[in-house]
Each structure stands twice: as structure tokens, then as C-alpha cells.
Amino acid sequence: MNKIRCLIVDDEELARTLLENYVNRLPFLELVGKCKNPLEAMAILQQEHIDLLLLDIQMPELSGIDFLKSLTQKPFTVFTTAYESYALEGYSLDVVDYLLKPIGFERFLQAVNKVVERVAQRQTLPTPTLPAKEFVLVKADHKIHRLLLDEILYIQSMREYVAFHTAAGRILSLGSLKNLEEELPADRFMRIHKSYIVALDKVNSLEGNMLHIGKEPLPVGASYKDEVLRRGFMK
């Protein structure tokens, strides 16, 4: 069995350090990252495969429970918390285990062994065909927005931010077009400029080097022109 890839999410530095120490003591675990809040964790989950999420519950801005509910593809999760009152809700989310702080190594090992069993069971099952991705998770205004791909007209780079333009308005989020270009399905989205990605089915017309989505003209960059020609938008 391959190593179990772990992500620690806890707003307390001492708790993160303790869990890191426990993970590093077990050779079949691999620590992918440590995060002090769910928004940092979301960025890692979008880029990395995670088998085990070691997740605190009470955190500023977004609780571990609300964060877990927001995930469509959930890793095996072990809650780590100082409060017993969340146990029932945790198990209703099908978490593997619920560790009450302060966490001893023996109790941590018991939880990890449960994860090992589940991972082994999953690896013996045939891999299902995943449905085409129909949304992206966008961090904005201290929230995580589930933005349907069909709603996106185009995406604009604004220095360290990206703006998702939809018929209902604009959502501004930290990020880069490069990462989005890799994440979005290439048969539905296309980079046409260093500052723009467009939804192909939302393109209305092309006039010169300006591509139109609704009434909005968007420039086609010189380095992207050949690809736009190849895709059939420019004659």
C-alpha cells in the first residue's frame, strides 16, 4: 500500500506541531501540509491528493464541520477538538474518528489504524468513473463559493486577484490565471490573453482581435492568436 497522504488543519500552532510529530513517527504516513485555517487547506486540496484530513473543529471564520460539509470529494477525516459536544455531528458526517485534545500518541495511532483499514478496503474496489467537473470552489469575502462552470462568462486577471465574471455579477478572489488554466476543462475554457480566460460557449462573435462575450469586448493576445485560430474563432 502506498503512503497515506495527510493534511493537518488547526488554528493552534502547538496542536499542528504535535500532530506533525505523530505523523512523522509513522513511516506509512506522509505529511503533505499544515494549515492554520480551512481556506489554506482548500488551496492544497485543489492541488494535491489527500487521503487523511486531521481537522480541528473550532476555528475562526469557518468551522471544521462547515468546511467538511463544503467538500464534494472528502478525504478520510479525523476530527481533533477540545470539545466533546461535537462528537455526534462529527459522526453524522462519516468521519473516521473523533480525537479529544490533549491527544496522546496511542489514541492517535488507533485512529490512524482505522484509516489504514478504510484505505485498504477502497483500494480493493474498482475505481469508479468520475463525472465531469461542473464547478469550481472560489474563496472570496471569507467564504467558499461553489461556482458552477456554466455560470462563468470569463475570468480576468487583476494582479494578485482573479475576477470571475458571471451574468449575476463579479466575484473577486486571490489566485492566478495559470492555476485556473490547469484546473478548468480545456474543452470548455480557453486562455485568449495574459489577462483573460473565456468560456467557449459564451463567445458571441469576433471582430478583428477583439472577442465578444455579450456586449463585453475582450482582447486576443498576440501569443494566443494561433491557438484561437486553431480553435476556429478567427478566420
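What volume does the second largest pocket have? The second largest pocket has a volume of about 290 Å³. A pocket here is an open set of points on a 1 Å grid over the protein atoms alone, where a 1.4 Å probe fits, with protein on both sides within 12 Å along at least five of seven lines. Points are joined across faces, edges and corners, and the volume is the space filled by probe spheres set on them.

This is a predicted model, in which local features need pLDDT of at least 70 and side-chain atom pairs count only at pLDDT 80 or more, while totals for chains, interfaces and linings use all residues. Residues are numbered from 1 along each chain as its sequence is written, and side-chain values use heavy atoms, with hydrogens and water left out.

Stay with the pocket for a moment. Its lining holds 17 residues; a lining residue has an atom within 4 Å of a point. Gln46, Lys139, Leu174, Gly175 and Glu183 lie nearest the centre. Two or more lining residues come from each of α2 (38-47), β6 (135-140), β9 (161-166), β10 (169-174) and α6 (177-183). These elements are DSSP runs numbered from the N terminus: helices are H or I with at least four residues, strands are E with at least two.

Now turn to strand β4, residues 76-81. Six of its six residues are buried, meaning under 20% relative accessible area; exposed means over 50%, and partly exposed lies in between (1.4 Å probe, protein chains only). One side carries Phe76, Val78 and Thr80, the other Thr77, Phe79 and Thr81. Strand β3 (residues 52-56) runs parallel to β4, joined by five bridges; strands pair if DSSP finds at least two bridges between them. Leu55 stands opposite Phe79. From β3 the chain passes through helix α3 (residues 64-70) to β4, a right-handed β-α-β crossover. Right-handed means that, with the strands pointing away from the viewer, the path from the first strand over the helix to the second runs clockwise. Strand β5 (residues 97-100) also pairs with β4 in the parallel sense, over four bridges. Here Thr80 faces Leu99.

Next come the rings. The whole structure has four aromatic pairs. Rings of Phe, Tyr and Trp (its six-membered ring) pair if their centres lie within 6.5 Å; planes under 30 degrees apart are stacked, over 60 edge-to-face, the rest tilted. Tyr22 and Phe108 form a tilted pair, 5.3 Å centre to centre with 45° between the planes. Tyr22 belongs to helix α1 (residues 13-24) and Phe108 to helix α5 (residues 105-124), so the pair ties together parts 86 residues apart in sequence. Both residues are buried. Ring pairs link Tyr22, Phe105 and Phe108 into a cluster. The charged end of Arg25 sits over the Phe105 ring, 3.9 Å from its centre. That label needs NZ of Lys or CZ of Arg within 6 Å of the ring centre and within 35 degrees of the ring normal. Arg146 lies over the face of Phe135, at 4.1 Å.

Some backbone details remain. Most residues other than glycine have a negative phi, and most peptide bonds are trans. Lys101 and Pro102 are joined by a cis peptide bond, with omega about -5°. Pro102 is in the loop between β5 and α5. Glu61, not a glycine, has a positive phi of about 75°. Glu61 lies in the loop between β3 and α3 and counts as exposed at 55% relative accessibility.
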